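Here are my notes on the model you sent over, as numbered points.

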Amino acid sequence: MDGVQGFMYPNEMELQWSILIVLYPFITGLVAGAFILASLERVFNVQAVKPTYRLALLTALAFMIVAPLPLQLHLGHPERSFEMYLTPHTTSAMAMFGFVYLWYLMAVLIVEVWLEYRKEIVIAWQQSSGIARTAYALLALGSKNISPDALRVDDRIGRLVTIVGIPSAFLLHGYVGFIFGSVKANPWWSTPMMPIVFLFSAIVSGVALVMLMYLVMTWLRKVDIDMHCLDTIARYLLYAFVVDLSLELLDLAHRIYEADESFKTLDFMVHTRLFVSQIVLQIVVGTLVPIALLAGARLAQRARVRRAVYTAAGVLTLVGIFAMRWNVVIGGQLFSKSFLGYTTYKLAFATREGVAVSLALLVLPLLLLAGLVHLLPPWPPAAAIADHSPRSS
Amino acid sequence: MSFDRRAFLLQTGKWLVLTAPAVAAWEYVVSGEPEKAPGYDASAHWWAMIIDIDRCIGCGRCVQACKAENGVSLEPQYFRTWVERYEIDPDDPEHPHVESPNGGYDGFPQPTKPGVKTFFVPKLCNQCADSPCVQVCPVGATFQTPDGVVLVDKEYCLGCRYCVQACPYGCRFIDPETHTADKCTLCYHRITKGLQTACVEVCPTGARYLGDLKDPNDPIHEYLRTHKVHVLKPQMATHPKTFYNGLDGAVR
């Protein structure tokens with residue numbers, strides 16, 4: 001068969017999980033990372049990142065809504081996916097997905113966004129007319145109570161939800177890592193490091209995404225960027241990146257030193273079929289270069305230079321984390337479980353699991369985010385911009 | 001405590017809403033039961049297979065019979081059973097040359113190198129007692145029958161392919177017709193009627209033997225007592241019930 005080198009078990013020649021399954025951990029990672037950045041302000045009181053608090057929440061929400069779509073599109077029988085809620089198989093790592101997802105979306109993100117925006121929703125309800133009025137009335141769940149007492153309760157519950165949300169975000173993405181890390185048949189995946197590596201790469205990608213969104217939004221709105229905020233986000237991105245890199249290096253060192261039965265096969269794969277996506281894109285372009293940029297940017301005096309460097313670092317980070325997801329998901333299927341051969345992933349363009357659909361799935365959350373930002377502006381009204389205080393409770 | 005009509009309706013409504021999914025779930029649990037065979041008591045059997053490497057001549061009859069009996073796609077990447085040929089150079093035992101052209105369906109060409117150790121290895125679902133595929137199925141569409149056979153409920157499988165990833169032996173694939181997981185059923189529709197599996201039936205050399213470990217009179221007990229058998233990838237701790245006699249250490 002085309003693209004097969006050495007021996008594959010006959011049933012292995014076709015790859016089972018496509019680029020859509022690459023998107024799944026990529027997107028959920030962005031959600032978890034964005035949320036954790038948001039909680040920095042809310043729970044850990046990092047005031048500097050306050051201007052991005054609401055933007056981070058909305059970003060997490062927009063990507064979260066899209067997160068199950070690649071899975072749905074990939075299933076042989078999407079119409080049966082609801083069975084995972086009705087008859088979950090308790091021993092299956094995957095069966096939990098629906099519940100973890102719902103918990104995170106419904107109990108954490110939606111509640112937190114709603115509490116955060118409740119006051120503005122009520123005001124918008126009272127000031128608008130027609131369809132908008134009905135929409136805002138529905139969003140307010142019919143309650144007009146925005147007395148100081150009520151808002152204090154909102155704030156307290158919001159804080160509690162965020163505190164619950166942090167382990168939930170860890171759960172969401174650590175869990176995605178577990179789905180791969182618990183497959184003992186596959187030595188490329190099977191490691192207890194997988195959930196934690198997934199988690200830190202999620203934080204890295206989510207923080208980078210919110211940083212980029214903040215840069216883009218201030219540019220679009222033609223307002224001054226809060227450099228203190230941007231510098232702080234970049235600093236946290238750098239810290240998370242260093243932890244992420246250390247974890248990945250630990251995994252690598254462990255594999256090389258143990259050199260178990262799969263090592264030669266995987267080593268050969270990394271140096272051949274995965275060379276561009278793993279060594280070049282993930283490690284050099286997507287990790288070492290952004291780390292160097294983020295560290296170097298701290299030496300730059302001029303804000304304009306730092307902004308440009310942060311933008312470049314953010315973009316490269318997202319490329320690197322996408323490459324990481326690709327290398328895990330696709331890389332884990334390129335070698336035979338007999339360790340005797342390799343196959344090739346043929347990526348099509350306009351098929352159900354092709355490039356076109358994947359691009360659409362990456363653009364969709366951005367469109368959703370645009371809609372959310374329009375409906376629930378993450379920044380105060382124009383007059384109050386100088387104040388830089390999005391939460392007005 | 002007063003229990004007026006309003007409270008009654010509320011309470012009943014709540015119960016109806018809450019139990020509807022449970023009722024739906026129960027229907028699926030029931031429909032997940034294997035095909036009934038009259039007079040067959042699943043709990044009285046525990047099926048296993050023995051494969052004698054030295055008897056296999058690589059003719060591919062088993063592969064053909066399996067595809068014909070079970071309606072498996074004739075495409076070269078879908079097999080419930082297949083045959084591999086190992087060629088091991090005594091000077092380089094670490095790098096065996098392995099091939100399975102069209103799963104061995106059409107037999108094998110002449111060996112590539114003279115003077116090497118050559119043998120055939122028929123493969124099929126190992127019917128593991130601790131199957132990773134059963135473990136990972138998110139809806140329980142893959143299950144183990146009381147007689148130890150791992151089956152797939154095609155009416156229920158989502159086609160998520162997690163089980164294909166979880167099988168260490170490459171025994172599963174996605175049926176291109178139904179878009180659901182597929183694998184060897186040990187010809188469950190036949191063995192529950194007292195017949196042999198298709199592959200055992202057609203093997204001209206008797207390289208395959210279907211045994212019942214719960215039947216004290218089955219010759220499989222004597223065979224296992226008198227032969228040095230092995231299973232594939234024992235380190236996976238899946239406890240396969242497909243035993244190989246004369247299995248070379250190079251086989252994976």
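1. Start with the network: Arg42(A), Arg54(A), Glu116(A), Glu120(A) and Asp155(A) are joined by salt bridges. A salt bridge here is a side-chain nitrogen of Lys or Arg within 4 Å of a carboxyl oxygen of Asp or Glu. Over all chains, the whole structure has 21 salt bridges.

2. Before going further, keep in mind that this is a predicted model, where local features need pLDDT of at least 70, side-chain atom pairs count only at pLDDT 80 or more, and totals for chains, interfaces and linings use all residues. Residues are numbered from 1 along each chain as its sequence is written, chains are lettered from A and ligands numbered from 1 in the order in which they are written, and side-chain values use heavy atoms, with hydrogens and water left out.

3. Have a look at Asp154(A) and Arg118(A), a salt bridge whose closest N and O atoms are 2.6 Å apart. Asp154(A) belongs to helix α7 (residues 148-181) of chain A and Arg118(A) to helix α5 (residues 97-127) of chain A, so the pair ties together parts 36 residues apart in sequence. (Helices are DSSP runs of H or I with at least four residues, strands runs of E with at least two, numbered from the N terminus.) Asp154(A) is buried at 10% relative accessible area, and Arg118(A) is buried at 4%. Buried means under 20% relative accessible area, exposed over 50%, and partly exposed in between (1.4 Å probe, protein chains only).

4. Chain B has a pair of this kind too: Glu84(B) and Lys123(B) form a salt bridge at 3.0 Å, N to O. Glu84(B) sits in strand β2 of chain B and Lys123(B) in strand β4 (residues 117-124) of chain B, 39 residues apart. Glu84(B) is buried, at 0% relative accessibility, and Lys123(B) is buried at 2%.

5. For Arg80(A) and Glu79(A), the salt bridge is 3.8 Å, N to O. Arg80(A) is buried at 15%, whereas Glu79(A) is exposed at 57%.

6. Now the interface. How many salt bridges are there between chain B and chain A? The count is 0. The contact (heavy atoms within 4.5 Å) takes in 54 residues of chain B and 38 residues of chain A. The area buried between them is about 3800 Å², with 55% from carbon and sulfur atoms; buried area is the accessible area (1.4 Å probe) that two parts lose on being put together, summed over both. Leu158(B), Tyr162(B) and Gln165(B) supply 21% of the area that chain B buries against chain A, more than any other three residues.
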